[in-house]
Amino acid sequence: MLDTRINTFLVLCETMNYTRAAERLCLTQPAVTHHIHYLEERYGCRLFSYQGKTLSLTTQGRRLLGLARSLAYNSQRAEEAMLAPEAL
């Protein structure tokens with residue numbers, strides 16, 4: 001099962017908009033902000049930055065994105081494997 005904060009990060013990377021990410025995740029915008037701040041504090045770096053009104057990933061954010069995509073893929077494969085009926 002993928003950590004919800006990593007999932008929030010992935011959705012925010014797709015939408016590049018806190019409000020749209022919140023809508024897609026059925027969360028409030030402050031909850032999305034809280035998830036991202038948690039990850040930034042946990043990893044000790046900024047993941048996103050604003051340039052004017054445009055949200056963009058930092059270098060460390062791009063690094064986490066690659067790792068998070070791998071985590072999401074492996075999490076999905078593990079869930080499918082564990083829920084599949086055993087082969088005879």
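## A salt-bridge residue to start

R77 has a relative accessibility of 33%, so R77 counts as partly exposed. The term has cut-offs: buried means under 20% relative accessible area, exposed means over 50%, and partly exposed lies in between (1.4 Å probe, protein chains only).

The side chain of R77 meets that of E80 in a salt bridge (3.0 Å, N to O). A salt bridge here is a side-chain nitrogen of Lys or Arg within 4 Å of a carboxyl oxygen of Asp or Glu. Both residues lie in helix α4 (residues 59-83). They sit 3 residues apart, about one turn of the helix. E80 is partly exposed, because its relative accessible area is 38%.

## About the model

This is a predicted model, in which local features need pLDDT of at least 70 and side-chain atom pairs count only at pLDDT 80 or more, while totals for chains, interfaces and linings use all residues. Residues are numbered from 1 along each chain as its sequence is written, and side-chain values use heavy atoms, with hydrogens and water left out.

## The whole chain

The protein chain has 4 helices and 2 strands. Along the sequence, the pattern reads α-α-α-β-β-α. Helices (H or I, at least four residues) and strands (E, at least two) are DSSP runs, numbered from the N terminus.

The C-alpha atoms fill a box of roughly 60 × 25 × 20 Å, taken along the principal axes. The chain has 88 residues, and 32% of them count as buried. Take the contacts with a separation of 6 or more: 47% of them join residues 24 or more positions apart. Contact means heavy atoms within 4.5 Å.

## Helix α1 against α2

Helix α1 (residues 4-15) packs with helix α2 (residues 18-25) at an angle of about 125 degrees. Their axes are 8 Å apart. That angle makes α1 oblique to α2. Angles under 35 degrees count as roughly parallel, over 145 as roughly antiparallel, 65 to 115 as roughly perpendicular, and the rest as oblique. Axes are lines fitted to C-alpha atoms, for helices over the stretch in contact, and angles run from 0 to 180 degrees between N-to-C directions.

Which residues of α1 meet α2? They are N7, T8, V11, L12, E14 and T15. On the α2 side are Y18, R20, A21, R24 and L25. By class, this contact has 5 nonpolar, 3 polar and 3 charged residues. Ala, Val, Leu, Ile, Met, Phe, Trp, Tyr, Cys and Pro count as nonpolar, Asp, Glu, Lys and Arg as charged, and the others, Gly among them, as polar.

## Helix α1 against α3

α1 also packs with helix α3 (residues 29-43), at an angle of about 110 degrees and with axes 9 Å apart. The two are therefore roughly perpendicular to each other. From α1, the contact uses T4, R5, I6, T8, F9 and L12. From α3 come V32, H35, I36, Y38, L39 and Y43. This contact has 8 nonpolar, 3 polar and 1 charged residues.

## More salt bridges

The structure holds 4 salt bridges. One of them joins the side chains of D3 and R5 (3.0 Å, N to O). D3 is partly exposed at 32% relative accessibility. R5 is partly exposed at 26%.

Another joins E40 and R46 (3.9 Å, N to O). Is E40 buried or exposed? E40 is buried, because its relative accessible area is 10%. R46 is exposed, at 53%.

S56 lies in strand β2 (residues 54-57). At 19% relative accessibility, S56 counts as buried. Leave aside its neighbours within four places in sequence, and S56 is in contact with M16, L47, F48, S49 and Q51.
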